[in-house]
Amino acid sequence: MAAANTAKKFQDEVTCPICLEYFNDPVSLDCDHSFCRTCITQCWGGVTADVSCPQCRRTFAQGNLRPDRKLRSFVDMARELQLQAGKEPAPERLCEKHQEPLKLFSREDEIPICVVYDRSKGSQGHNLIPAEEAAEEFQERLQAQLKTLRAEREKLLGLKVSREKTSQKYLKQTQVERQKIVAEFQQLRQFLEEQERLLLAQLKKLDKELVRLQIDTVTKLSEQISRLSERIRELEGKCQKPASEFLQDVRSTLSSCEKVRAQQPEEMAPELEERVRGFSQKVTALSESLREFKDTLPAALEKALTAHRPANVTLDPDTAHPQLILSEDGKRVRQVRTRQPPPDIPERFDYWCCVLGLEGFTSGRHYWEVEVGGGLWAVGVARESVSRKGEISLSPKGGIWAVGQWGDEFEALTDPHTALLLSPPSRIRVCLDCDRGQVTFIDAGTEASIFTFPPGSLPGERIRPWVWVWGTKTLQLFP
């Protein structure tokens, strides 16, 4: 048992985790995980930016591929051991009960048996064939299964590469959007700072002029107060003199008193007053603009953040009804009269000519468009667990939310169907809001709303695009 475990560990060490075969031209990444050079190159799909390890997801530059010569020598050893094992005849298995070679195979029990067991009563009436013939038959069946599994593996590898490309695409898109946000807010900050500096400079200049006017006014008033105070002291002194002296020149004294009047200081210059008033109005207008900006910005941001994002939807061939033909890129579908011979698997629809999208959504807001044209068709979404076998209800009751050309009517597939008053458009936009459990259909040409299944209509499970088509008309998905 220990030897078997050691051999299994050695086998794992010389097997590529991507193709599950012996390493071919093995290379190591900076994280010390190893792959076939061809496998890791195909997995990255020609990405020129930073890439990630398929096992640990660590990111690094794509050029860091180191040939692993020691691992290559281990692979050569494993191949040599495998060849030697193939040359040595395997020990013939014996029947545990009779200790005879297992030369026959029982179809009923599906086990190999010996000749002694064949002659016993227990095997009478059994359909027995030579063990070598049975081995050839099962080898053919297993080879067919291996072919299917290898094709499925290739399909998954291609899907993995496609998803990696899509992830890299969206990561680049988010990086661009991040840079846009930083640039826009930087420009906004610079604009506000410039306006602040300009207004403060104007205010500082106005302050200087107001201070100068204030100093001039105070100086002039102080001089007039000083002259009046001196005159008052002179008159008070004259009033204290004897009558004979006081009455001398009294008339001229009174006349001089009447001539002395305090001069009013100059008023603020009209242009300066106008500048103060204009500056105050400018500040008030700026305050109102900033207040309005603060009030509208959250709504604008909310609208931008809640907008639906385009989803790259492709159709899943494993779910397509046998009468549906899909294009190689999974973007087009049409119905034919003759049923195709794909394997009848649990995922495939077998009654309605339906097909699901390969992608599924559990959160966020997404949209895609379908060019429908004439004919009979329906487009929308379906829950992941929608029944694929037999006649199902094409309505929310059956796990489907859609609109379509149904008979002579353009309808929403509610339960019962709801007739739509407008004419069917040539291109429909499907808007899915997973967070609110809502799906909306829009005329992609006019942006007019067609029908909305209200919030909470969709279940809290994975939702996939859904298409039904009847006739030779081809439906095409965008983007």
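Student: Are arginine 429 and glutamate 369 buried or exposed?

Tutor: Arginine 429 is buried, and glutamate 369 is buried as well.

Student: Which residue forms a salt bridge with arginine 365?

Tutor: The partner of arginine 365 is aspartate 433, at 3.3 Å between the closest N and O atoms. Because arginine 365 lies in strand β13 (residues 365–371) and aspartate 433 in strand β18 (residues 427–433), the pair ties together parts that are 68 residues apart in sequence. Aspartate 433 is buried, with a relative accessible area of 5%, whereas arginine 365, at 22%, is partly exposed.

Student: Where do aspartate 216 and arginine 212 lie?

Tutor: Both lie in helix α5, 4 residues apart, which is about one turn of the helix, and their side chains meet in a salt bridge of 3.5 Å, N to O. Aspartate 216 counts as partly exposed at 35% relative accessibility, and arginine 212 also counts as partly exposed, at 48%.

Student: How should I read a sheet, and what is the strand order in the open sheet of 3 strands?

Tutor: In general, strands of a sheet pair through backbone hydrogen bonds, in either a parallel or an antiparallel manner. Here the order is β7-β6-β8, with antiparallel pairing. Strands β7 (111–113) and β8 (128–130) stand at the edges with a single partner strand each, so one side of each has no neighbour in the sheet. Neighbouring strands of this sheet are turned by 40 degrees against each other on average, direction ignored. Helix α5 (residues 131–239) packs on the sheet, touching β6 and β8, and its direction makes about 90 degrees with that of β8.

Student: What should I look for in a core?

Tutor: In soluble globular proteins, nonpolar side chains tend to be buried together. The largest nonpolar core here has 49 residues, of which Trp368, Ile428, Trp466 and Leu475 touch the most other members. A second, separate core of 22 residues includes Phe23, Cys36, Trp44 and Cys53.

Student: Which elements have the lowest and the highest mean pLDDT?

Tutor: Helix α4 (residues 115–119) has the lowest, at 61, and strand β12 (residues 354–356) the highest, at 96. Where pLDDT is low, the predicted coordinates should not be read in detail.

Technical notes:
Residues numbered from 1 in each chain as written. Predicted model: local features only at pLDDT ≥ 70, side-chain atom pairs only at ≥ 80, totals over all residues. Heavy atoms only, no water. Core = buried A, V, L, I, M, F, W, Y, C linked by side-chain atoms within 4.5 Å. Buried < 20%, exposed > 50% of the residue type's maximum accessible area, 1.4 Å probe, protein only. pLDDT = per-residue confidence, 0-100. Helix = DSSP H or I, 4+ residues; strand = E, 2+ residues; numbered from the N terminus. Pairing = 2+ DSSP bridges. Axes fitted to C-alpha atoms, helices over the stretch in contact; angles between N-to-C directions. Contact = heavy atoms within 4.5 Å. Salt bridge = Lys/Arg side-chain N within 4 Å of Asp/Glu carboxyl O.
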